[in-house]
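Here's a quick look at how one chain packs against itself and its neighbours. Have the viewer open as you read.

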Amino acid sequence: MTGALKDGEILSVEHLSISFGGLKALDDVSFSIREKEIFGLIGPNGAGKTTVFNCVTQFYTPDAGAVWFRYDPERLRHHRRTASPDSAGAPQTEVIDLVGKKTHTIIRYGLVRTFQNVEVIPELSLIDNVLIGAHVDFRATMVEQILRLPRAREEEKAYRDKALKALEFMGLGPLSDQLAGGQPYGVLKKLEMARTLMAEPTLIILDEPAAGLNDNETEDLAATIRRVRDEYQCAILLVEHDMRLVMNVCERICAISFGKFLALGTPAQIQQDKLVQEAYLGEQE
Amino acid sequence: MALRIVKNPHLHFILFGVILALLPTVGRGMGMKTSTLQTLGFMLIYAIVALGLNLLLGYSGLISLGTAGFMGLGAYLAAYFQDDLKLGFWLAVLAALVIPILIGLVVGVISLRIRSIYLAIATLCISEILLKTFEQLEWFTRGTAGKQSRYPTIFGAQLDRNAVFIVIVIALVIVMMLTYNMVHGQMGRALHAMRSSEVAAQAMGVNILKYKLFAFSVATMYAGLGGALYLFFLRSSYPTTWSLFMSLTMIAVVVVGGLRSIYGTVLGAFVIYAVPELFLKKLPVIGGIAGLPYIFSGVLIILVIMFFPNGLKGLADIARNLVVRLRARTAAKEVAA
Amino acid sequence: MDLFVQPLLRSLETGSVYALAALGIIIVWRTSLVMHFAQGSMGMFSGTAVAFALNRYGLPLWQAVLVGVVVAVFLGFAVDFVIIRRLKRATSVGKEIITLGLIMVFLGLAPIIFGTDPMLLPKAIPSGDFNVGGATITYNGVANILVGVAIAAGLYVVLQKTKIGLAVRATASNDQTARLMGIPTRTVTLFSWATAGVLGMLAAVMIAPTTTVTPTFMNSVQVTALFACVLGGFQTFYGPVLAAYIIAVSSNFLKLYVSTVWGDQIMFGLILLFLLLRPNGLIGKTYMKKV
């Protein structure tokens, strides 16, 4: 079913609808994201932004619609601990509809998210928090881990090195052995980003990353988002309230309001769009 | 390298075990009574069982009220395999480990799909069913008359009371090491993630049902092991031992010792089991009251949850956290600079 | 001996006991969001107080029951006032563990206060039988059934038709909103614990004549009442009552026709299987979304 995505697209949301107790939270929303693109999803409060990506990441199962996603079958084979066939030539990708997949399996396709109110584990060190991002990559079985057999120890060491690199990339290297509890908010945000990088994602969804940050930190965040995309060659979907950040870093933007699609285009196009202006002005008054 | 050895937690567990194992010999020299050794042995068995329950309660927030049932099952299986089938110590232990897990898995799969509190109710029910079985299934348990057993023979050596005590210590050390491994590394991080936020854990690829089942299986396995050791140490088993009260006592051990703390659990077993046996019962006037240990455990549970949610271990943590916070602040400044 | 009507009548008698105990659990669940594992032990404690007043001080049964009501209300108030309402920060698991701790406290206290000798509690109506289609039922049995049904129906009316009921239901559905609307949620919670205590005491007084009053005589009532709540679903008040009677009837018939010893155990197994098919119980609303 590779026809569902155009060449160069990584994710396509098609005719997504969901209602809660008779209330339509999303009504026929469609958009698609290209590979290595920084894409923004905006809308006034209660527009359904969070619902969209909860549907994408399968925290909710939409009533109707599809979420097509391009992935590398090789990485799935790795997670399922099956041997890969001898495939010669160019890397092949496949396309799958994520709807109905179990929530915890989504990350295996290369799709990772962050949380609006940072979800890190206060009792663990920064590096251990980052290592959770590699949870699905471990191939050692439970028994091997409990008995600390060689494969479990080797993996632990290898991923620990990788996690340290991710932390250093985010500028948190010196803090790696400290507990996450009690760290400033800005550090926790970066920590969450570092954790997503562990999964070598092809698409990262950031849920309101600018929330709770001051102007300087938001500037810094914009730079970080670009750096992540350039270094890790992944697409980034930004679900955001902060207009300056979105207009600053996004290449294309999709605007929704009251669960309905409004407009899609470059930041400049979106700023000029009548429907978008109405939706936002209407809210501000 | 030397520092690494000093800091190796597994070596600490072994050292802890060596000290415990010396108790019978050293204790006798210092005039320790046989009954005291008996109490300490049971205390260590409580610690083994509670460690499994701590994994369950501490990381998945699930309550099991079936601990006593699974312990009893372990005890009767051990007796049946050792004394009736004459299959020897190792097969008896294996049976006491494996069969409770199988029953636990069935119960867990049914109840955990629904709602987490249902595990408590389902295990309470299984425990009642098992208790009834212990009373009725005479060919297996000898009913209310009680099943009699003997000290086991390991590798051709006939054990005595002190030797069984050392077997219990070895089992405890192994259980502590395995538990430590479970809560560190990839699995430990997944358990921590699940406890911290099930939603975030799922986004990171943690299969919540799988880890809850895992925690519950470990709890039933340790309970089965504890039951077998109980039988080998006491050389008998009566249905009345495996009542709801035993399950509640184990929860008290976990809560008082501190959730997610390995040494805390041993300390909890000391407070909940050994303190009433060794001290409370010897107090003048109130020492003779039959219900005293019940009230002691019950009141401690309530007080700890109300005022010290992290148990005994929490008191130590408060001090440690202060130091860590201070260090974190200085390091954060370095990053900023 | 009739082999259908007779056991049916017996079952309705015990069903009333389970229904009262289950109602107590549900009321606490709906107002405090706590699974009340100590319902049986608290019922045991105040029920033992009734037996004690009767055996030791020779009070007539109705006066002894009044003593029981006072003890039950006092215990309910005390538990909420001293412990539960101070636990705003504790998780629901923490609160449930507290009720487990309460079991131990009451289990330990009962013999200290009331002595260790098992006591007997007579039937409310000592003798007399009705004849129903070849089966007999004691006057006392009829009284038990009537009390059970009347209290369940009475609670239903109070909860659905009165202002008090509205306050309880509002607290049950959303504690915070209810408080903002001026409903004294603390008082509602306080009285729900007391009501649960009285219901547990009544259940104890009704089951006591069939057994002896010991610290563990309410254990099976507690387990069955919990199962009635699970089977009936936690969303309504009448679901668990209905389930209590269903459980009592099926338990009796399983014991009679399948196995005297294992009847209850088979039934517990069946309930677990049923929950696999209908996780929210008989009356439970499903929140499952369409896929």
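How are α8(B) and α11(B) oriented to each other, roughly parallel or roughly antiparallel?

## A helix pair inside chain B

Keep in mind that this is a predicted model. In chain B, helix α8 (residues 161–182) and helix α11 (residues 208–234) have axes that come within 10 Å and cross at roughly 170°. Angles over 145 degrees count as roughly antiparallel, so α8(B) and α11(B) are roughly antiparallel to each other.

So who's touching whom? From α8(B), it's Val164(B), Ile168(B), Ala171(B), Val175(B) and Met182(B), and they meet Val218(B), Tyr222(B), Leu225(B), Leu229(B), Phe232(B) and Phe233(B) of α11(B). Sort the residues of that contact by class and you get 11 nonpolar, no polar and no charged.

## Where chain B touches chain A

Helix α8 turns up again here. The contact takes 28 residues from chain B and 33 residues from chain A. The top contributor is α9(B), with eight residues. By class, this side of chain B has 16 nonpolar, nine polar and three charged residues.

## Where chain B touches chain C

Now for the other neighbour. This contact takes 32 residues from chain B and 34 residues from chain C. For chain B, α6 (117–136), α12 (244–257) and α14 (292–307) each supply at least two residues, and α6(B) gives the most, with 11 residues. The side of chain B that touches chain C splits into 25 nonpolar, five polar and two charged residues.

How values were computed
Residues numbered from 1 in each chain as written. Chains lettered and ligands numbered in written order. Predicted model: local features only at pLDDT ≥ 70, side-chain atom pairs only at ≥ 80, totals over all residues. Axes fitted to C-alpha atoms, helices over the stretch in contact; angles between N-to-C directions. Helix = DSSP H or I, 4+ residues; strand = E, 2+ residues; numbered from the N terminus. Parallel < 35°, antiparallel > 145°, perpendicular 65-115°, else oblique. Contact = placed C-beta atoms within 7 Å. Nonpolar A, V, L, I, M, F, W, Y, C, P; charged D, E, K, R; others polar.
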